[in-house]
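Open the model in your viewer and keep the sequence panel beside it. Each stop below says what to select and what is there.

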Amino acid sequence: MNRFSLNNDKLPKGDQPKAIKESVESINLGNKGHILLGATGTGKTFTVANIIEQTNKQTLIIAPNKTLAGQLYAELKELFPNNRVEYFISNFDYYRPEAYVVSSDTYLEKTSKINWDIEMMRINAVSSLLTRDDTIVVSSVASIFSLRDPKVYENAFFEIEAGDKIKRKDLLYKLSSVGFKRNNIEIERGNMRVNGDIVDIFTAEDKAKFIRVSFFDDEIEFIKELNADTNKVLRTLERYTIFPVDSNITDSEIIKEAIPKIKEELKETVKKFEDEGKILEAQRLENRTKLDIEQLQEYGFCSGIENYSMYLDGRKKGETPFCIMDYFNDDFLLVVDESHITIPQISGMYKGDRSRKENLVKYGFRLPTALDNRPLNFDEFVEKTNQTLYVSATPGDYELEKKYSISRLINRPTGLVDPLVTVVDNIDRIDKVYNEIQKQIENGERTLITTLTIKMSIELSKFLKTKGVKVAYINSELKTLERDEVIRRLRIGIYDVVVGINLLREGLDIPEVSLVMILDADKSGFLRNYRSLVQTIGRASRNNKGRVIMFADEVTKSMKDAMDETSNRREIQIEYNKKNNITPVTIVKEIPPKIIELNLDLDPKKKKTISKMSQSELKEKIRELTITMKKASEELDFENAMKYRDAIIELKSRLK
């Protein structure tokens, strides 16, 4: 059994040793739940990493949003380089679910766009869980949505070995059965290329490499791993495991068994509609379902195949669907990050999905079995958990009511105190915001601004841009990896300000931010309640100059409670610093590369990414790009000049 091993020379400090010891003891005793109450900046992620190492269990970490999940994934990947750390979030860049709006008699087809980089990560997560005990999966609430039966997926992957007696056509058939498509022209993940006795396999796991299998008669002569850009041989392999291209892979025999059941349900449902005099609904359902059946028989797939998942998984009506949690072993550890917001999210997913699908079934757009293609309800989620660690600076009612034991992280090893909070009235507030940003820019520091509405965020961003401020607006329409990149660019200085609504609250680790401004702090509602305000204030607690400005015309109870809590934590930390002779210092944290790193070398011949450049190479590249940037600017090619400028800032962030 592989063990988790932290690659870190730092020792736990402050409250961390005690919190780690208490948490590990609670888990080892078999307790169902434990709470890690940690103020912002106290090192919750590092503490959790130590708990994972010491308990040595497969671990699922659920974060409340994709941005935070991406940040946790990057941090844990650095902390556990010799173990498997995977990323499992929704694979859609854009997704509008199938729906029927009764009031306007409008049917909306499902519209989606899959991000294949994220799909690759999902496949890696599933594959790692089935083959490695030392696996951590960082997930969003996508973890409670249905997947195929893990036994079906496990039966789908297979191993090839040099010297195996197998015909080339049989290997091609096996590859085809797990989703690979033959394509000698367009080479991308999920394709296979055939040239005589050579079969090239472009797996879903890594787009930078591919596998070459060479045959001699009916025997595999050799297996090699090659660079996808240069065709250079990277290594020779004795054996290689081939995983399905799609994590939702379905066996053809299962489809054959499912079709008669779909037909029987169709017959019963159509008769029911006809008996009720709903002829339109009956015809609509019959036409649509028959088309799906034809496509399943012909291609093994149809649009909306997930709506038949109950039959494809062999489940009974109402039975709990499979999800990523079923791919873990029985003794896994669940970590619910920012539990005060994640638990309510998980609880609410089922009801929203059910309401939408009931309309589709009622009006003849889907068979009743579509109701069983769903996320877990909360009771099912709890049933699938083994032991849970709830992590938050402000634990929610659910975990507190369970009266689980609590470990506290209040004192920061860095000595950083909670930020000073001031309340400013709304008179000329936009001018006040701009003036504060100018002070920040002069000091080379970053700013977060959280608004209450999308309209306000957009208008404020536009205004700041007209004033020459380097500002970015984070919104829900940004692709997942683009949101992560906005935060990264704020850290390295491409942006000075980021404006957003709800994405700036929980867990964003941005030590370069020394000012957080909260607009409409006195407005009632979820985004301005006590817990949300405490979390938002915490975004400025990783910087020694951290401060928060609340714009409000009155001090509400939520504001007062949040400020009192912040003041109390300041006093505790200041006392701790005096006792231990600690001088607060801003956290210095390396800026990680992109989750999927782009080639920023800008030299297509060299193909060398910045993470592999030496310090001297970085300095030389900065010099070259500076000359190129100035030349582009002189030629009025400002678009490219900005690209070179961003690349220069990126490279400078890597200089020691």
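**First stop: a pair of leucines**

Select Leu-60, which stands opposite Leu-334 in strand E17. This is a predicted model. Now widen the selection to the strands around these two residues: E2, residues 59-62, pairs with E17 in the parallel sense over 4 bridges.

**The open sheet**

Next, show the sheet that holds this pair. The sheet is open, has 7 strands with parallel pairing, and runs in the order E3-E8-E2-E17-E18-E1-E19. Strand E3 (84-88) and E19 are the edges; each has a single partner strand, so one side of each is left without a neighbour in the sheet. From one strand to the next, the twist averages 20°.

**Helix H1**

Select residues 16-28, which are helix H1. Its 13 residues reach 18 Å from the first C-alpha to the last, close to the 18 Å expected at 1.5 Å a residue. Colour Gln-16, Ala-19, Ile-20, Ser-23, Val-24, Ser-26 and Ile-27: these residues of H1 are buried. They cover an arc of only 160° around the axis, which puts them on the same side of H1. Lys-18, Lys-21 and Asn-28 are exposed, on the other side of the helix.

What do the buried residues of H1 pack against? Select strand E1 (33-38), helix H2 (44-55), strand E17 (333-337), strand E18 (387-392) and strand E19 (405-409) to see their packing partners. Just after H1, stop at Gly-30, where phi is positive at about 90°.

**Gln-387**

Move to Gln-387, in strand E18. Is this residue buried or exposed? Gln-387 is buried, with a relative accessible area of 5%. Show its side chain together with two backbone oxygens. The backbone oxygen of Ile-27 lies 2.7 Å from a polar atom of the Gln-387 side chain, and the backbone oxygen of Asn-31 lies 3.0 Å from a polar atom of that side chain. Leaving aside neighbours within four places in sequence, the residues in contact with Gln-387 include Ser-26, Gly-30, Lys-32, Lys-57, Asp-331 and Leu-334.

**His-340**

Select His-340 in helix H10, residues 339-362. His-340 is buried, with a relative accessible area of 10%. Which side chains make polar contacts with the side chain of His-340? One is the side chain of Ser-392, at 2.8 Å; another is the side chain of Gln-535, at 3.4 Å.

**Last stop: two hairpins**

Select strand E13 (residues 209-216) and strand E14 (residues 219-227), which pair in the antiparallel sense over 8 bridges. Phe-216 stands opposite Glu-219 in E14. The two strands, E13 and E14, form a hairpin with 2 residues between them, and Asp-217 in the turn has a positive phi of about 60°.

The hairpin of E14 and E15 has 5 residues between the strands, and in it Asn-231 takes a positive phi near 65°.

Notes:
Residues numbered from 1 in each chain as written. Predicted model: local features only at pLDDT ≥ 70, side-chain atom pairs only at ≥ 80, totals over all residues. Heavy atoms only, no water. Expected span 1.5 Å × (residues − 1). Buried < 20%, exposed > 50% of the residue type's maximum accessible area, 1.4 Å probe, protein only. Arc of directions from axis to C-beta. Contact = heavy atoms within 4.5 Å. Pairing = 2+ DSSP bridges. Axes fitted to C-alpha atoms, helices over the stretch in contact; angles between N-to-C directions. Polar contact = N/O pair within 3.5 Å; in protein donor to acceptor, adjacent residues only side chain to side chain.
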